[in-house]
Amino acid sequence: MDLARQFGTPTFVYDAAKIVERLNDLRHFDVVRYAQKAASNLAILDLLRRHGALVDAVSAHEIRRALAAGYPAQGDPPPVVYTADIFDADSLGLVVRENVHVNCGSPDMIDQYGSVAPGRAITLRINPGFGHGHSRKTNTGGDCSKHGIWHEQLHDCLVTAEHYGLSVTGVHVHIGSGTDLEHLSQVCGALEKAAVEVGRNVQSISVGGGLPVPYREGQSYVDLDAYFRRCDAVRKRLEARFGHPVRLEIEPGRYLVAESGFLISEIRAVKKQGGNTFYLVDAGFNNLARPILYGAYHPIAIAPADGHANRPEIEAIVGGPLCESGDIFTQDEGGFVAPRRLPLAAVGDYLVIECAGAYGFVMGSNYNSKPLAAEVLVRNGQPHLVRQRQSFDDLVRGESIPPA
Ligand code: LLP
């Protein structure tokens, strides 16, 4: 409630200690490369950099964010890696100028990069022919996925790379987001096969991201020790085969930041529609799109404005302010409204959507001309405003009315 009063609502709040704790869980991997698409605020990038994580970028501006947060463009291992399926003019120009490492996700990327930067090192993102995610929309492998170089085209890509004098120094596989140990482990086999095909030039393998976090009671984490052992076994076999060290990278987004984040909103209306009670808050899918996009479940808590916590529970549906009926936080995949047992609440109470640190703010929009929310990082017990709420001027910046 203090944060809501100090910074207003809706506001994303991140707990720095939780991010660092999750990073430390993965310390057995040689490189933890943060997939910043999950939450790309400069303060979060800076925090992870200070604690030893390297970073992944999927666009020119994500590269610029990494540089603005203090990552050098080049190094060994590469501090920043551009992983994508295409280059646009900006990203191609930037990786060439700054010599940012490129992980190519399509044969065309190899061609386009090779023709302007022959002789560089690249890695290849392979689509192993299978994938898995928490939703069909987050499955990034198999023949219905646009991602990565199709595994059967690896040989042709190696020929293309050689043509340009590009050396292929590593392979990468990311099959989806929010998957399970079985599918994650299959990644290891696919990586080994691809690395053997590439041959002795391979210096690194990346198992991608995808580690799930528990959003609902009863869900759990994957067994990280078991997962690491499987990845490490592949790495060791490759080292024995090639006769040199092979770096083992992991590329999590969600795992590092999801649980650190809370979206604080205020209840602005309580409505009865027939037999249903709706809590309408001042945050909507313009702030957190995961429920409307995937039917994603997020824990919800109420902070009563009068401080009295012992409220009876009722079944309520939580919606936002947007002029669209899908603007509901409690919904299942397919858009079915799902009432939730929540404390009895009134206008003026705060409603907190939990586990909102990953793919929350970053997927926000200006729909209905709503400003992007404020972001606050709590570090050592101190809240820091790390992004101001957008103003009207921010919202219309760059727009103009042509002369009559
Ligand atoms: N590496 C690559 C190449 C990726 O495409 C992704 C996620 C990651 C790593 C990180 O995956 P993670 O560890 O976060 O699962 N908006 C969706 C998730 C989309 C993920 C896109 N790629 C959601 O809200 O669930």
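**Exercise 1. Work out how helix α8 packs against helix α9 in this predicted model.**

Step 1: find the two helices, α8 at residues 181-198 and α9 at residues 224-242. Helices here are DSSP runs of H or I with at least four residues, strands are runs of E with at least two, and both are numbered from the N terminus.

Step 2: get the geometry. The axes of α8 and α9 sit 9 Å apart, at an angle of about 10 degrees. Axes are lines fitted to C-alpha atoms, for helices over the stretch in contact, and angles run from 0 to 180 degrees between N-to-C directions.

Step 3: name the arrangement. That angle makes α8 roughly parallel to α9 (under 35 degrees is roughly parallel, over 145 roughly antiparallel, 65 to 115 roughly perpendicular, the rest oblique).

Step 4: list who touches whom, with contact meaning heavy atoms within 4.5 Å. On the α8 side you'll find, among them, Leu181, Cys188 and Val196, and on the α9 side residues including Tyr227, Val234 and Phe242.

Step 5: sort by class. The α8 contact with α9 has 11 nonpolar, 1 polar and 5 charged residues. Ala, Val, Leu, Ile, Met, Phe, Trp, Tyr, Cys and Pro count as nonpolar, Asp, Glu, Lys and Arg as charged, and the others, Gly among them, as polar.

**Exercise 2. Check the confidence of the chain.**

Step 1: mean pLDDT (the predictor's confidence in each residue, from 0 to 100) is 96, and 100% of residues reach 70 or more.

Step 2: Confidence is lowest in α8, at a mean of 93, and highest in α4 (residues 60-68), at 99.

Ground rules: residues are numbered from 1 along each chain as its sequence is written. Local features need pLDDT of at least 70 and side-chain atom pairs 80 or more, while totals for chains, interfaces and linings use all residues, and side-chain values use heavy atoms, leaving out hydrogens and water.

**Exercise 3. Describe the surroundings of the ligand.**

Step 1: 19 residues surround the ligand (a heavy atom within 4 Å), and the closest are His134, Ser177, Glu251, Arg290 and Tyr359.

Step 2: pick out polar contacts (N or O pairs within 3.5 Å). A polar side-chain atom of Glu251 is 2.6 Å from a ligand nitrogen, and one of Arg290 is 2.6 Å from a ligand oxygen.

Definitions and conventions:
Polar contact = N/O pair within 3.5 Å; in protein donor to acceptor, adjacent residues only side chain to side chain.
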